[in-house]
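Subject: Handover of a structure, with notes on what was found

Dear colleague,

Please find below the structure that I am passing on to you. My notes follow it, arranged by topic.

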Amino acid sequence: MNRTIRRASVFTLLLVFALLVRATWVQFYEGRALADDSDNRRNAIETYAEPLGNIVVAGEHITGSARTKGSDLAYKRTYTDGPLYAAVTGYASQAYAPTQLEGIYADVLNGTDPRLRTVADTVTNGRAAPGNVVTTVDPAVQKAAYKALGDKKGAAVAIDPETGRILAAVSTPSYDPTSLTDANTAGEAWTRLNEDPDKPLTNRALRQPLPPGSTFKLVVAAAALEDGLYSSVDERTDSPDPYPLPDSSKDLTNENPSAPCENASIRVALQYSCNNVFGKMAVDLGQDKVRDMAEKFGFNDEKQDVPVRAYTSVYPSDMDRPQTALSGIGQFDVTATPLQIAMVSAAIANDGELVSPHMVSRVTDSGGDVLEDHDEDASTRRIVSSSTAEQLQSAMQTVVSEGTGTNAQLSGATVGGKTGTAQHGENNSKTPYAWFTSYAESDSNGKKVAVAVLVEQSDAERSEVSGNGLAAPIARETMKAALQD
């Protein structure tokens, strides 16, 4: 064979071999990545080729699927009472990545989760029938919290302290997830929602930590009782009023200068929300002991999944003594979500034990067989002793019966609570945040609930912004709905 032809043949064979290697690499190694690429239109076509599975509240589907017209995406997601449940469901969109429960359980809801496959699906290589996600949400509680929040910017979370079931998770202002489901119209809604200064897409219940203000005093009180700094909520503390911040020329004063806060007991200090008592208490304990207690309740947990990943609530490190004092009243760099503050009340109400909060009861296949049971798998951990929990319950009841939380009083129930008004802006220049956290137990049926409410902004005058004035009435209506037979 002519040398030139032989060399050309070898070179051609090498090119063919290289093409085969490349094709093999693409098919067997890059194929999955290409198939999973968010820009691959085939994924969207496959996802929306059939109706999706549903998210369920109290036995009723709050989601659905509707046939489309003139699109290669055969179905689109629909929502019943979309704004009411948006903080729970999130959205499943033909144009954007799914969020909240829609995102976490996307594989279950679109039938691609391997646990859904039957023998017939394996033989035919067809997509399995989609599964369903059954939530823990109580529609009466969700509606009560949503209605009570009204046009205020804020959030509410309600938890059954004995089971950890999240009965309500509300964020306002809300949005209608249906506006984002259709690829042909989602863009306009997406732009409008993201340009809205009130940020309706933000899940304030789970994913916006803010300074918790005086609600954090419950954590400091728990640390003081558990450490033995004070033996009971009725022992007088060593707390000058005002409290001279250590290593500083400034004093820590109280909102009500006539309140009996000098050397007040924990009960009285919670009743009147005495800053001097809890600022000094945090310094006396030291930041490490306060942080240890905060972390027992769930602060600094970067993987707080319910199963939606909640933003981390933070108790900071490396503070000086004045900063530690401010942390004791829920200021400085302390932040918390309404979920986290509800967890504090839930643990206190449940004899000092915290059952892991969750908003999904179970995940099932199309026939109702259980794939995941979160009620059954919920874990319990002790946060404080039964004695400490009982004392804090008693002190919280005093707050509601004759202290700063009287607007949370509820006929036919034992209610305990704690108000909070957190400073906002440089030198407290902006409208404060109003907080209220509470628990209630029905006198007739024994039902219990723990609630946290945050009002980030309302139409109230600045002088009228308080946990009792704005947040406690919302908590009361939420608790009332939870305790009904």
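Helices and strands are here DSSP runs numbered from the N terminus, where a helix (H or I) has at least four residues and a strand (E) at least two. In those terms, P173 lies in the loop between strand 7 (166-172) and helix 8 (186-195). I return to P173 below, after an overview of the chain. Please note that this is a predicted model.

Overall picture

The chain has 485 residues, of which 50% are buried. Its secondary structure comprises 17 helices and 16 strands. The C-alpha trace spans about 105 × 60 × 40 Å along its principal axes. Among contacts in the chain with a separation of 6 or more, 67% are between residues 24 or more positions apart.

The buried ones are N275, N276, V277, F278, G279, K280, M281, A282, V283 and L285. Their cover includes four helices, namely helix 9 (217-227), helix 10 (266-272), helix 12 (287-297) and helix 13 (321-327). Strand 8 (243-244) and strand 9 (251-252) also belong to that cover. After helix 11 comes G286, with a positive phi near 90°.

The disulfide

How many disulfides does a search of the whole structure find? The search returns 1. This disulfide joins C261 to C274, with an S to S distance of 2.1 Å. The angle about the S-S bond is -75°, and the link is left-handed. The two cysteines belong to distant parts of the chain, 13 residues apart: C261 is in the loop between strand 9 and helix 10, while C274 is in the loop between helix 10 and helix 11. Both C261 and C274 are buried.

Helix 9 and its two partners

Besides contributing to the cover of helix 11, helix 9 packs against helix 12 and crosses helix 16 (residues 386-402).

The axes of helix 9 and helix 12 are 9 Å apart, at an angle of about 110°. An angle of 65 to 115 degrees counts as roughly perpendicular, and helix 9 and helix 12 are therefore roughly perpendicular to each other. Their crossing is right-handed. On the helix 9 side, the contact is made by V219, V220, A222, A223, E226 and D227; on the helix 12 side, by K289, V290, M293, A294 and F297. Sorted by class, these residues are 8 nonpolar and 3 charged, with no polar ones.

With helix 16, the axis of helix 9 comes within 10 Å and crosses at roughly 140°. That angle makes helix 9 oblique to helix 16. This crossing is right-handed. L218, A221, A222, L225 and E226 of helix 9 meet T388, Q391, L392 and M396 of helix 16. The contact has 6 nonpolar, 2 polar and 1 charged residues. A222 and E226 are listed in the contact with helix 12 and also in the contact with helix 16.

P307 is located in the loop between helix 12 and helix 13.

Where in the chain does Q100, with its positive phi, lie? Q100 is in helix 4 (residues 100-104), and its phi is near 55°. Because its relative accessibility is 14%, Q100 counts as buried; the cut-off for that class is under 20%. K199, another residue other than glycine, has a positive phi near 50°. K199 is in the loop between helix 8 and helix 9.

With kind regards

Notes
Residues numbered from 1 in each chain as written. Predicted model: local features only at pLDDT ≥ 70, side-chain atom pairs only at ≥ 80, totals over all residues. Heavy atoms only, no water. Buried < 20%, exposed > 50% of the residue type's maximum accessible area, 1.4 Å probe, protein only. Contact = heavy atoms within 4.5 Å. Axes fitted to C-alpha atoms, helices over the stretch in contact; angles between N-to-C directions. Parallel < 35°, antiparallel > 145°, perpendicular 65-115°, else oblique. Left-handed = near helix turned anticlockwise from the far one by under 90°. Nonpolar A, V, L, I, M, F, W, Y, C, P; charged D, E, K, R; others polar. Disulfide = S-S within 2.5 Å.
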